[in-house]
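Please consult it alongside the sequence and the structure shown here.

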Amino acid sequence: MRKVSVFGATGSIGESCFDLLMAQGGAEAYDVVALSAGRNVARLAEQAVALKADLAVTAFDDCLPALRDALAGTGIEVAAGPQALIEAAYRPADWVLSGIVGAAGLAPGFAALSQGATLALANKESLVTAGPLLMAEARTHGATILPVDSEHSAIFQGLVGEDIAAVERVIITASGGAFRDWPMEKLAHATVAEASAHPNWDMGQRITIDSASMFNKALEVIEAKEFFGFAPEQIEVLVHPQSIVHSLVGFHDGGLMAHMGVPDMRHAIGYALNWPARKPLPVEKLDLAKIGQLDFRTPDLQRFPALRLAREVMEAGGLAGTVFNAAKEVALDLFIAGRIGFLDMAALVETTLGEMSRDQGLGIAAKDLDMVLSCDAEARARAMAICEHGRI
Ligand code: NAD
Ligand code: MG
């Protein structure tokens, strides 16, 4: 039986993965090694029982008693804390889903790769924060990373059987998020509730707000560079309001391969779960006649400066991605807490990048994970200080 672990099991990605594991035979078909979650230990316990997991881990120490109570008498091991998460990821498994949100997903992903697992990577922050190190870790241990982000899964599928040297460009599609058509004046007053409602995808709150600001697309452009090794100028972004074309690969001969499907993450997760095979998935069939029309347009860099910042980050290289992601996470926390406005998020990220680049330079490549983590911590502290001193 295939050994699998799911990190971030109670999130939007994690629940979709749970759904697929259950639909594909559950505990009869998979030997579930570890499941992890943040604070929703009641749900984590339910999943662990349903999948007969060996171990259930919460990221937070204060949640351990509740998890222990919920699993009392089941024989399922429990653990808590960031170190326990990493130890869980070191447990041998064939397939590991990285579905934690934010840079907290970085260390467990590294641990999974170091034991040679196939890492199904939804946690794009890992590649933005430490792309070259993560890819090198996979190579060193003969491990495989499979993209779960829908755009990257689409590109990956478009490349099957192709020579990567024949690729001229990739086009990452973007729904445009909740504020696709909002004018600048209105964006300045956008509320957390308004930013948390995605027109097409049902996702966690953080990525939904990142979609509204297009920071999600900015992360994805960098993710594509790090994962596939494309040059920045080969990566284009196209706004496509229907979210039916998940991305395109363009070849030197002018051919464009588009990947289409309904917006449902169970496709990309299921593709990674069954790869290199394809299995039937509980995903709605696409009815193109019903949709009738697909629209595409160029993104507006003025209203969505995150996309311009992504270009600057790729240009700078080195630790710029680490600072970009960390400052973005702080900016998002501050926006959710009502401390800064919607447009201040990009301004805060830009100022943080500018100050850290001026003070220490960002072009140096990270030597190891510790260097990444300390740069991440420094960028978070700097972003907070910039906000507190009103320097946005
Ligand atoms: P979510 O907020 O719904 O779930 C996050 C999961 O991580 C939960 O299980 C939560 O308990 C856990 N978690 C939260 N903070 C943690 C911490 N500090 N340490 C350990 N675990 C923690 O998020 P999501 O929308 O499922 O997104 C997960 C990842 O997948 C993100 O990196 C996101 O960018 C990426 N992604 C999501 C979607 C989507 O459709 N939701 C699509 C593409 C990529
Ligand atoms: Mg995506």
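Two strands are said to pair if DSSP finds at least two bridges between them. The model is a predicted one, in which local features need pLDDT of at least 70, side-chain atom pairs count only at pLDDT 80 or more, and totals for chains, interfaces and linings use all residues. Residues are numbered from 1 along each chain as its sequence is written, and chains are lettered from A and ligands numbered from 1 in the order in which they are written. Helices (H or I, at least four residues) and strands (E, at least two) are DSSP runs, numbered from the N terminus.

**Domains**

- The domain assignment, whose bounds come from an automatic or database source, gives domain 1 (2–147), domain 2 (152–291) and domain 3 (317–388).
- Between domain 1 and domain 3, the C-alpha centres are 27 Å apart.
- Their contact (C-beta atoms, placed from the backbone, within 7 Å) takes 10 residues from domain 1 and 11 residues from domain 3.
- On the side of domain 1 that touches domain 3, helix 7 (residues 124–140) gives the most, with 7 residues.
- That side of domain 1 comprises 6 nonpolar, 3 polar and 1 charged residues; here Ala, Val, Leu, Ile, Met, Phe, Trp, Tyr, Cys and Pro count as nonpolar, Asp, Glu, Lys and Arg as charged, and the others, Gly among them, as polar.

- An open sheet of 7 strands has the order 4-3-2-1-5-6-7 and parallel pairing.
- Strand 4 (77–80) and strand 7 (144–147) are its edge strands, each pairing on one side only.
- Within the sheet, strand 1 (residues 2–7) and strand 5 (residues 95–98) pair in the parallel sense over 4 bridges, and V96 in strand 5 is the bridge partner of S5.
- Helix 3 (residues 41–50) lies across strand 2 (30–37) and strand 3 (55–58), and runs at about 180 degrees to strand 2. Axes are lines fitted to C-alpha atoms, for helices over the stretch in contact, and angles run from 0 to 180 degrees between N-to-C directions.

**Helix packing**

- Helix 1 (residues 12–23) packs on helix 13 (residues 265–274) at an angle of about 60 degrees, with the axes 9 Å apart.
- That angle makes helix 1 oblique to helix 13, since angles under 35 degrees count as roughly parallel, over 145 as roughly antiparallel, 65 to 115 as roughly perpendicular and the rest as oblique.
- The contact involves I13, S16, C17, D19 and L20 of helix 1, together with M265, R266, I269, G270 and L273 of helix 13.
- Helix 8 (residues 150–158) and helix 12 (residues 215–228) pack at about 35 degrees, with their axes 10 Å apart.
- E151, H152 and I155 of helix 8 meet E220, E223, A224, F227 and F228 of helix 12, a contact of 4 nonpolar, 1 polar and 3 charged residues.

- Strand 8 (residues 167–174) pairs with strand 9 (residues 235–239) in the parallel sense over 5 bridges.
- Strand 8 also pairs with strand 10 in the antiparallel sense over 5 bridges, where L248 in strand 10 is the bridge partner of I171.
- Strand 10 (residues 245–251) and strand 11 (residues 256–260) pair in the antiparallel sense over 5 bridges, with H259 in strand 11 as the bridge partner of S247.
- Strand 10 and strand 11 form a hairpin with 4 residues between them, and G254 in the turn has a positive phi of about 95 degrees.

Conventions
Contact = placed C-beta atoms within 7 Å.
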